[in-house]
Amino acid sequence: MKVLMAGFAWALLSISASAAPFTDGTQYTSLAKTVADVPDVMAFFSFNCPHCYQYEQVIHVPERVEEKLPADTKIVKYHAEFLPPLGNELSKAWAVAMALGVENKIESPLFEAVQKEKRIQSSNDIRSVFIEAGIKAEDYDSAWSSFAVKALVDRQRKAAEQIELRGVPAMFIKGKFEINSRGMDASSFDNFVQEYAATIKYLLEK
């Protein structure tokens, strides 16, 4: 699958899009079919995706956008398993992080280990990152083999299949719309974040 450069497309654009009105085909795209039983704000990423690393760890788009959303609106992140190496294992590791409630604690160390240090060669290497981040080995091992983690892995896989995920990073609203970052105001990063968040709020109310 082709990895989309949606994460920092704003930095590559020379023409800015108007912040309003919000238009299907500009700031967002309506999906051909509505996907039920998915989070209202659902983002997909992969630790194996260099653009996701830039998007998440360098320019912090999801973090900055979430700051501007209503307090009760949470961006739920799912890991896409289709990018090698160890795509399935990293998706399961992210499910472990979700089950233990340590997503914020483990996301940066895993990205660094995969993208910069290039030291993730096996499931044991992934486990080591968790332990180095302060997760007890017994907690990790118990979660890894748990029914809850299996269910979370299945949930991520099913959502990706139903939404017909084509690349990462990607964000979907209410199972009906996909955010199109290439259609956002690229005149500045602040304008980009403002319009990104405003588009999400608009679609949540649509």
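**Helix packing and a helix face**

Guide: H3 and helix H6 (residues 137–144) pack at an angle of about 115 degrees, their axes lying 9 Å apart. Helices (H or I, at least four residues) and strands (E, at least two) are DSSP runs, numbered from the N terminus. Axes are lines fitted to C-alpha atoms, for helices over the stretch in contact, and angles run from 0 to 180 degrees between N-to-C directions. H3 is therefore roughly perpendicular to H6 (under 35 degrees is roughly parallel, over 145 roughly antiparallel, 65 to 115 roughly perpendicular, the rest oblique). This is a predicted model: local features need pLDDT of at least 70, side-chain atom pairs count only at pLDDT 80 or more, and totals for chains, interfaces and linings use all residues. Residues are numbered from 1 along each chain as its sequence is written, and side-chain values use heavy atoms, without hydrogens and water.

Visitor: Which residues in H3 and H6 meet?

Guide: Contact means heavy atoms within 4.5 Å. Glu89, Lys92, Ala93, Val96 and Leu100 in H3 meet Asp139, Tyr140, Ala143 and Trp144 in H6.

Visitor: Which residues of H4 are buried?

Guide: Buried means under 20% relative accessible area, exposed over 50%, partly exposed in between (1.4 Å probe, protein chains only). In H4, the buried residues are Ile106, Glu107, Leu110, Phe111, Ala113, Val114 and Gln115. Down the axis of H4 they fall within an arc of 165 degrees, so they line one face of the helix; the arc is that of the directions from the helix axis to the C-beta atoms.

Visitor: Which exposed residues does the face turned away carry?

Guide: On H4, that face carries Asn104 and Lys116.
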